Amino acid sequence: MIRHIVLFTWTETATAEQKAAVTAELRKLPGLIPQLRSYTVGADAGLNQGNHEYAVVADFDDVDDYLTYRDHPDHQKVIADYIKPILATRAAVQLSL
């Protein structure tokens, strides 16, 4: 199994509406990309200072399924249209479980 974890911080000018749109659009992806085994997205709970503001955790059966998700046109559209316009920083890791 492959677990993909992505952490974002948003620009200072990112609006609440833009942030909500990221969540809404990302939550559509499991219905569009059947290779997603598990998918969790959401804003940081605000418990610790210095955390990233947003996380995506996605599980896949294998590397090929992850690559299908990574390169999928619907996923790439969410990145281009909703995430990149408000993205300040990104960190990511893929774990083999």
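What we have is a predicted model, in which local features need pLDDT of at least 70 and side-chain atom pairs count only at pLDDT 80 or more, while totals for chains, interfaces and linings use all residues. Residues are numbered from 1 along each chain as its sequence is written, and side-chain values use heavy atoms, with hydrogens and water left out.

Let me begin with helix H3, residues 63–71, where the buried residues are Asp65, Tyr66 and Tyr69; here buried means under 20% relative accessible area, exposed means over 50%, and partly exposed lies in between, with a 1.4 Å probe and protein chains only. Helices (H or I, at least four residues) and strands (E, at least two) are DSSP runs, numbered from the N terminus.

Leaving out residues up to four places away in sequence, His75 touches Leu29, Ile33, Tyr69 and Arg70, where contact means heavy atoms within 4.5 Å. A polar atom of the His75 side chain also lies 3.3 Å from the backbone oxygen of Arg70.

Now to charges: side chains of opposite charge can pair when their charged atoms come close. The whole structure holds six salt bridges, each a side-chain nitrogen of Lys or Arg within 4 Å of a carboxyl oxygen of Asp or Glu. One of them joins Asp59 and Arg3, with the closest N and O atoms 2.7 Å apart; since Asp59 lies in strand S3 and Arg3 in strand S1, this pair ties together parts that are 56 residues apart in sequence. Asp59 counts as buried at 7% relative accessibility, whereas Arg3, at 27%, is partly exposed. Another salt bridge links Asp81 to Lys77, at 2.5 Å between the closest N and O atoms, and these two, being four residues apart in helix H4, are separated by about one helical turn.

Finally, Thr11 sits in the loop between strand S1 (2–10) and helix H1 (16–26). Beyond its neighbours within four places in sequence, Thr11 is in contact with Ile86, Leu87 and Ala88.

Terms used: Polar contact = N/O pair within 3.5 Å; in protein donor to acceptor, adjacent residues only side chain to side chain.
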